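My notes follow the model below.

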Amino acid sequence: MPKQESLIPLKTLIFSYHASNTILISFLPLYLQFRGLTGAQIGWVLAVESLASILAQPFWGYLSDKYKTVKKIIFVCLIGLLVGGTLFFQMETLPTLLITGAIFYFFATPVGALTDSLAQRRSSVLNVSFGSIRMWGSVGFALSSLLVGVVLARYGIEYMVWIYLLFGSMALLTLFPLKDVKVKSQPIKIKDLSRIVKNKPFLIFLSVILFITVTHRTNDYYMALYIAELGGSEDLVGQAWFAGVIAEAAVFALAGFWFKKYHSMIFIIGAAILYTLRWFLYAAVTDPMHIVALQFMHGLTFGVFYTAAFDYVTRLIPSLLQSTGHLVFFSVYFGLSGIIGSLTGGPIIETFGGGAMYMSMGWIAAAGTILLIAYHLLPYGKELRE
């Protein structure tokens, strides 16, 4: 079977899932604000997502490694995503949003990491770049954010649930012709997980990148509110995400050309420097269109940082524990970082405004950049699994 033909179901799944995910990242804060929640209350709902991902990602990753399948685990998670999402978007009070949100996110949050893990393994088998597959998630996210922004601005944000369920159903349907990965190793046991816990380079790296990923997740959650604070509408939020994620897709698509020229840490540190500059620029804007114009930096920051970091941790993790290790990485990148970012960003933007929030993010990213440079210069930064 030709390479491109064999990858069509996987690319379509990644496209559909990330098209649905744009609803949660780009517009959920505005939806919760429409429901009458304050900035701090929105932070609590978003923190539930991150907490659920911390618990769910290693759990589903362990099951994937144990039973030597990624496809079946994704299937279960997508069913839970559709059922849980239907319940979550019907709730109107903070307690019910928190309870149903925890159930919903327990199934929804691992799908991105599982599809990335599947893409990583398939890219190795077919000798194609991971970025050339992963870029379709960025394309789906970008097109969805642009179209959904226009639809919600015209008809009302309360209808976003139907769009979310549509894209979620598309992801489920594309899963059926998907080729699962073949794992030749023996199923893992609980004691095997100690190899991850004792992996000092892996744990130190996760601790260091937390400074960068917290700022990334804070922006994910509150950029829409910042644009609204500056006078922008839902369609402008969609345009901002479209501009950013198209740039991200370009970075992923070209990863095979630029990525292998230097050590992964060089790209990680470079992206961290750009993250710092990006947040300081966001803090200084006075017009929502300035955010749209600056969103090209999303590709140069997240696109480069995520691709390089994912490759780096892949080489730190034993082959037997790839899915588990990837989901631990995902739990820190999007889970723990999300809890910190959501709980701190909400009160800051509500009390002091978006400019103060982005200024704080700039200083945090600067600290993270310094730590990354130190990590790279220390011996632990050199210990890669062959």
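**Salt bridges**

I began with Glu49, which pairs with Arg217 in a salt bridge whose closest N and O atoms are 3.2 Å apart. I count a salt bridge when a side-chain nitrogen of Lys or Arg is within 4 Å of a carboxyl oxygen of Asp or Glu. Glu49 sits in helix α2 and Arg217 in helix α9 (residues 200–229), so the pair links distant parts of the chain, 168 residues apart. Helices here are DSSP runs (H or I, at least four residues), numbered from the N terminus.

The model is predicted: local features need pLDDT of at least 70, side-chain atom pairs count only at pLDDT 80 or more, and totals for chains, interfaces and linings use all residues. Residues are numbered from 1 along each chain as its sequence is written, and side-chain values use heavy atoms, with hydrogens and water left out.

I looked up burial next (buried is under 20% relative accessible area, exposed over 50%, partly exposed in between; 1.4 Å probe, protein chains only). Glu49 is buried at 14%, and Arg217 is buried at 2%. A network of salt bridges links Glu49, Arg217 and Asp220.

I then checked Glu92, whose side chain meets that of Arg35 in a salt bridge (3.3 Å, N to O). Glu92 lies in the loop between α3 (71–88) and α4 (94–108) and Arg35 in the loop between α1 (3–34) and α2 (39–67), so the pair ties together parts 57 residues apart in sequence. Glu92 is exposed at 52%; Arg35 is partly exposed at 25%.

My search of the whole structure found six salt bridges.

Notes. Helices (H or I, at least four residues) and strands (E, at least two) are DSSP runs, numbered from the N terminus.
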